Amino acid sequence: MTRVAIEVPPSPPAPDAGRERVRVLVADGDGLARRMMREALHDAAGVIVVGAAREAHDTLELTRHYRPDVLLLDADLPPGGGEEVIPRALKASPLTRVVTISSREDESALDALRAGAVGHISKDLEPEVLAGLVRRAADGEAIVPRRLVMPLLSAVHAVPEAGWRPLRSRLTTREWEIVELLATGASTQHIADSLFLSATTVYSHIKSVLRKLGVHTRDEAVAAAERLREEEIAEQPFSLAVARP
């Protein structure tokens with residue numbers, strides 16, 4: 001049976017002369033939320049929705065195809081969540097500005113910002129406000145809710161020198177956390193206890209790290225991750241580097 005997961009709107013009217021529209025891709029696992037965002041942006045001046053997706057694979061395909069100015073990304077996008085999608089989307093389209101959207105509390109927003117997003121929007125905002133936030137993100141502004149400013153400052157103040165990693169990385173924030181614990185010789189159970197995860201989840205993350213780095217042992221993963229850190233920071237000399245608090 002054919003599965004339809006990508007939504008592409010009909011061809012829009014030509015933009016006003018002399019004005020470049022902000023090209024937006026909407027990615028949300030909730031069909032109603034997807035529809036509401038598209039409707040909120042449909043008639044907004046200077047904004048055009050180039051497509052919509054309901055899961056990670058289609059989001060990445062559309063990002064590669066359209067290279068949108070802004071990607072509105074559900075923080076809970078299936079199957080693995082928006083945090084997993086962000087570095088891959090930025091690799092496919094480095095100039096795209098990722099803004100996550102969620103009904104969850106601050107933790108999801110901070111995780112997304114660490115992964116490379118430039119902003120976060122709550123799903124309880126008024127629809128007419130959305131277009132303005134999208135335009136601001138496209139213009140290079142960070143869309144950070146006021147309530148997140150202090151948590152972000154606290155995270156920066158708490159960063160150890162050895163913990164810095166590239167903003168845009170092949171490894172996710174969680175995978176870097178696990179690599180740092182592997183470097184101390186921590187066992188799977190100790191990592192699980194430290195990060196408040198199940199041992200099964202930690203094992204899955206370790207397998208992902210080994211696969212991404214092309215290595216077979218935990219010691220090899222630690223060494224390969226350090227090389228990756230240096231390579232990725234060198235590739236992003238003007239990018240902000242972040243680390244876990």
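Predicted model: local features only at pLDDT ≥ 70, side-chain atom pairs only at ≥ 80, totals over all residues.
Local features need pLDDT of at least 70 and side-chain atom pairs count only at pLDDT 80 or more, while totals for chains, interfaces and linings use all residues. Residues are numbered from 1 along each chain as its sequence is written, and side-chain values use heavy atoms, with hydrogens and water left out.

Q: Why is Asp 28 called buried?
A: Buried means under 20% relative accessible area (exposed is over 50%, partly exposed in between, with a 1.4 Å probe and protein chains only). Asp 28 comes in at 0%, so it's buried. Its place is in the loop between β2 and α1, helices (H or I, at least four residues) and strands (E, at least two) being DSSP runs numbered from the N terminus.

Q: What does the side chain of Asp 28 contact?
A: A polar atom of that side chain lies 2.8 Å from the backbone nitrogen of Asp 30. A polar contact is a pair of N or O atoms within 3.5 Å; within protein, one must be able to donate a hydrogen and the other to accept it, and residues adjacent in sequence count only if both atoms are side-chain atoms.

Q: What caps the N-terminal end of α1?
A: Asp 30 does, with a side-chain oxygen 2.9 Å from the backbone nitrogen of Leu 32. At α2 the cap is Glu 55, whose side-chain oxygen lies 2.9 Å from the backbone nitrogen of His 57.

Q: How does the span of α1 compare with the expected one?
A: The expected span is 1.5 Å times one less than the number of residues. For the 12 residues of α1 (31-42) that's 16 Å, and the helix reaches 16 Å from first C-alpha to last.

Q: Which residues of α1 are buried, and why do they count as one side?
A: They're Ala 33, Arg 34, Met 37 and Leu 41. They cover an arc of only 105° around the axis, which puts them on the same side of α1; the arc is that of the directions from the helix axis to the C-beta atoms. The face turned away carries the exposed Leu 32, Arg 35 and His 42.

Q: What makes β2 and β3 a pair?
A: Two strands pair if DSSP finds at least two bridges between them. β2 (22-27) and β3 have six, in the parallel sense, and Leu 25 stands opposite Gly 51 in β3. The chain crosses from β2 through α1 to β3, and this β-α-β crossover is right-handed: with the strands pointing away from the viewer, the path from the first strand over the helix to the second runs clockwise.
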